[in-house]
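Please keep the structure in view while reading the points that are set out after it.

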Amino acid sequence: DLCSFFWTVAGTRKRGEDPYGLALQVLRYVRACAEKVGVEDVIFGADGPSGRSFRRAVCPDYKAGREAKDPEHRAELDALTKALLDAGFTVHSAVAEPGPVTETVWFEGDDVVASFAATILKDPTAEVFIGSNDWDLAPLLALPKVRLFTTRGEERTAADVKREFGVEPLMLPQLKALAGDSDGYKPFPGLEKGKPGIGDKTAAAILERFGSA
């Protein structure tokens with residue numbers, strides 16, 4: 001997940017420094033992680049330009065509550081993608097199908113990563129190692145031959161997901177469907193003062209009792 005690696009090192013570059021210096025720094029970080037976990041072939045999945053996403057077309061409040069990113073960092077991320085393309089890399093940030101808006105919308109980096117994982121695993125001899133700090137990719141641990149690592153090369157397992165959220169990886173999308181998440185999706189927020197609605201712990205208890213959302 002290119003953005004995970006970028007935001008790990010973002011802000012360490014001096015203002016006005018050539019963006020190719022940032023690209024090199026990110027690539028070094030990726031290489032260090034790949035060498036630590038034993039990976040030779042790397043594919044980047046990236047957010048679309050300026051962070052546009054099909055999710056925002058469906059839900060205008062998507063990520064609206066998050067603190068705005070530094071505009072210079074946002075420009076740096078776009079410059080990093082261009083630098084990688086200029087250097088001969090292929091950076092995938094797929095265009096979404098036409099939706100309920102007229103402008104072009106995009107998938108996010110974790111969407112691209114998940115799509116590649118599913119495609120690569122059509123080869124029964126393949127194994128996929130994912131580098132990302134995003135828990136959104138944890139459901140992929142339910143697939144055979146998938147391992148998940150942070151950008152520092154620390155492995156996240158199914159047991160880690162269970163400890164963090166109270167459910168197995170395959171059930172994480174259902175937990176979020178009930179409890180919502182930090183991106184602004186909250187289907188059951190609570191209708192009365194003092195009743196907070198459904199959070200992760202309540203959602204996990206519901207899933208344990210009934211088996212599905």
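The points that follow describe a predicted model, grouped by topic.

- Three strands make up an open sheet of mixed pairing, and their order is 3-4-5.
- Strand 3 (128-131) and strand 5 (155-156) are the edge strands, each of them pairing on one side only.
- Strand 4 (residues 146-149) pairs with strand 5 over two bridges, in the antiparallel sense.
- Within the sheet, leucine 148 stands opposite arginine 156, a residue of strand 5.

**The nonpolar cores**

- As a general background, nonpolar side chains in soluble globular proteins tend to be buried together.
- In this model the largest nonpolar core has 22 residues, and the ones with the most contacts inside it are Ile130, Val167, Leu172 and Leu175.
- Two or more residues of this core come from each of helix 5 (109-120), strand 3, strand 4, helix 6, helix 7 and helix 8 (200-210).
- Helix 7 gives the largest share of the core, namely four residues.
- A second, separate core has 18 residues, including Phe5, Ala10, Cys33 and Leu84.
- Leucine 175 is in contact with Phe165, Val167, Gly180, Asp200, Ala203, Ala204 and Leu207, when its neighbours within four places in sequence are left aside.

**Cysteines**

- A disulfide is a covalent bond between the sulfur atoms of two cysteines.
- The count of disulfides in the model is zero, with a sulfur pair required to lie within 2.5 Å.
- Cysteine 3 has a relative accessible area of 8% and therefore counts as buried, the limit being under 20%.
- Cysteine 33 is likewise buried, because its relative accessible area is 7%.

**The second largest pocket**

- The space in the second largest pocket amounts to about 590 Å³.
- Its lining consists of 25 residues, and those that lie nearest the centre of the pocket are Val39, Asp41, Val42, Ile43 and Phe129.
- At least two lining residues are supplied by each of helix 2 (19-37), strand 1 (44-45), helix 5 and strand 3.

- Aspartate 1 lies in the segment before helix 1 (2-9).
- What is the relative accessibility of aspartate 1? The value is 11%, so aspartate 1 counts as buried.
- Not counting residues up to four places away in sequence, aspartate 1 touches Gly45, Gly109, Val113, Gly131, Ser132 and Asp134.
- Leucine 24 is located in helix 2, and its relative accessible area of 43% makes this residue partly exposed.
- Leucine 24 and alanine 83 are 59 residues apart along the chain, while their C-alpha atoms are separated by 9.2 Å.
- Glutamate 168 is found in the loop between helix 6 (158-165) and helix 7 (172-179).
- Once neighbours within four places in sequence are set aside, the contacts of glutamate 168 are Ala158, Val161 and Lys162.
- From C-alpha to C-alpha, glutamate 168 and alanine 142 are 8.2 Å apart in space, although 26 residues apart in sequence.

Terms used: Residues are numbered from 1 along each chain as its sequence is written. This is a predicted model: local features need pLDDT of at least 70, side-chain atom pairs count only at pLDDT 80 or more; totals for chains, interfaces and linings use all residues. Side-chain values use heavy atoms; hydrogens and water are left out. Contact means heavy atoms within 4.5 Å. Two strands pair if DSSP finds at least two bridges between them. A nonpolar core is a set of buried Ala, Val, Leu, Ile, Met, Phe, Trp, Tyr and Cys residues joined through side-chain atoms within 4.5 Å. Buried means under 20% relative accessible area, exposed over 50%, partly exposed in between (1.4 Å probe, protein chains only). On a 1 Å grid over the protein atoms alone, a cavity is a set of points where a 1.4 Å probe fits but cannot get out, and a pocket is an open set with protein on both sides within 12 Å along at least five of seven lines; lining residues have an atom within 4 Å of a point. Grid points are joined across faces, edges and corners, and a volume is the space filled by probe spheres set on the points.
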